[in-house]
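Have the viewer open as you read.

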Amino acid sequence: MIPAVAVIGVVAVAAAIVLLTRSQTGAATPWATLGTADVHALAFDPSDRQHLYFGHHNGLLESTDGGRTWEASGLSGADAMNVPIANGERFQIAGHEVYLETTDGGATWRPVPNDLPGLDLHAFAVDPADADHAWAFAVGFGLYESTDAGRHWQQRQAGNWAALTTYRDGATTVLVGIGPEGLVRSADGGTTWTPLAYPGAPLAALAASPDGSVLYAATSAGLRRSRDGGASWSDTGFADQALAVAVAPADPMDVVLVDEATRFYRSPDGGDTWPAP
């Protein structure tokens, strides 16, 4: 007969191993600390998954080594609250009284001529199939849609909108965002909406794989993931407050985020683990 003390000891050791394994699995190792005053947006260059952009109130940072090191880009002193990359050389940013575009990968910038009723743009998303097709939330005026690179806009919905993201479902572009009724999706450019499950904690940002097979939500309780189009959500291995998130266009499991302390993390497996570079 095995003494009871020995059995208790074996159980305790086994429990300790399980706890240690969980701790190691759930540990997230930052690749870099960005050191900005705030956190707003992350984006991949579609043509190079090692090329990333980070938007904050005072400009745009850029990494060409997968997020290990970061440098100031050609944009400084302007609010890059939204950075939805749709083309490696040509893209737009939007923020507080800021709406700019570049055609040379961020080296130079110019204002976008437009007819929006206001330029306090708290959310902005671009159609992954058409860089000229975009949506913007203008504070105090509602959600707008443009099909000519932001020159002309039409209102689609009133109210407050936030955390917009897009993906392609076959030949249809799907828009997902936080609206007056919570988390919703639209398959007709923002005219009508279908409710989705809420990720379960205050949400700061959304990201989607190109085909919508995986959705990610950066929340105050960590990074949440959905594999069924937002019908349900589950925890990932990142449990701290996440403020910005992006998915590599070529791999829905390659996900990056920045937390409230401006630390940058990268996961190769959809957020389950967050190893060092």
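## Thr 262 and its loop

Thr 262 sits in the loop between E22 and strand E23 (263–267); strands here are DSSP runs of E, at least two residues long, and helices are runs of H or I, at least four long, all numbered from the N terminus. This is a predicted model, where local features need pLDDT of at least 70 and side-chain atom pairs count only at pLDDT 80 or more, while totals for chains, interfaces and linings use all residues. Residues are numbered from 1 along each chain as its sequence is written, and side-chain values use heavy atoms, with hydrogens and water left out.

Thr 262 counts as buried because its relative accessibility is 6% (buried is under 20% relative accessible area, exposed over 50%, partly exposed in between, with a 1.4 Å probe and protein chains only). Its side chain reaches the backbone nitrogen of Gly 35 at 3.0 Å. Leaving aside neighbours within four places in sequence, Thr 262 is in contact with Ala 32, Thr 33, Leu 34, Gly 35, Thr 36 and Val 39 (contact means heavy atoms within 4.5 Å).

Not counting residues up to four places away in sequence, Val 39 touches Phe 54, Gly 55, Leu 243, Ala 244, Val 258, Asp 259 and Thr 262.

Asp 38 belongs to the loop between strand E1 (32–33) and E2. What about a salt bridge for Asp 38? Asp 38 is buried yet has none, and the nearest side chain of opposite charge, Arg 263, is 15 Å away. A salt bridge here is a side-chain nitrogen of Lys or Arg within 4 Å of a carboxyl oxygen of Asp or Glu. A polar atom of the Asp 38 side chain does lie 2.9 Å from the backbone nitrogen of His 57. Asp 38 also touches Phe 54, His 56 and His 57, not counting residues up to four places away in sequence.

## Strands and hairpins

Strand E2 (residues 41–45) pairs with strand E3 (residues 48–56) in the antiparallel sense over five bridges (pairing takes at least two DSSP bridges). A hairpin joins E2 to E3 through two residues, and Asp 45 has Asp 48 as its bridge partner. E3 also pairs antiparallel with strand E4 (residues 59–63), over five bridges, with Leu 52 bridged to Ser 63.

There is also an open sheet of four strands, ordered E1-E23-E22-E21, with antiparallel pairing. E1 and strand E21 (242–248) are its edge strands, each pairing on one side only. Six bridges join E21 to strand E22 (residues 251–259), one of them between Val 247 and Val 255.

## The nonpolar cores

The largest nonpolar core has 16 residues, and those with the most contacts inside it are Leu 42, Phe 54, Trp 70, Val 256, Val 258 and Phe 264. A nonpolar core is a set of buried Ala, Val, Leu, Ile, Met, Phe, Trp, Tyr and Cys residues joined through side-chain atoms within 4.5 Å. E2, E3, E21 and E22 each give two or more residues to this core, and the largest share, three residues, comes from E21.

Trp 70 has contacts that include Leu 42, Phe 54 and Phe 264, leaving aside neighbours within four places in sequence. A second, separate core of 15 residues includes Ala 207, Ala 218, Val 247 and Leu 257.

Key
Lys and Arg count as positive and Asp and Glu as negative; His and the chain ends are not counted. A polar contact is a pair of N or O atoms within 3.5 Å; within protein, one must be able to donate a hydrogen and the other to accept it, and residues adjacent in sequence count only if both atoms are side-chain atoms.
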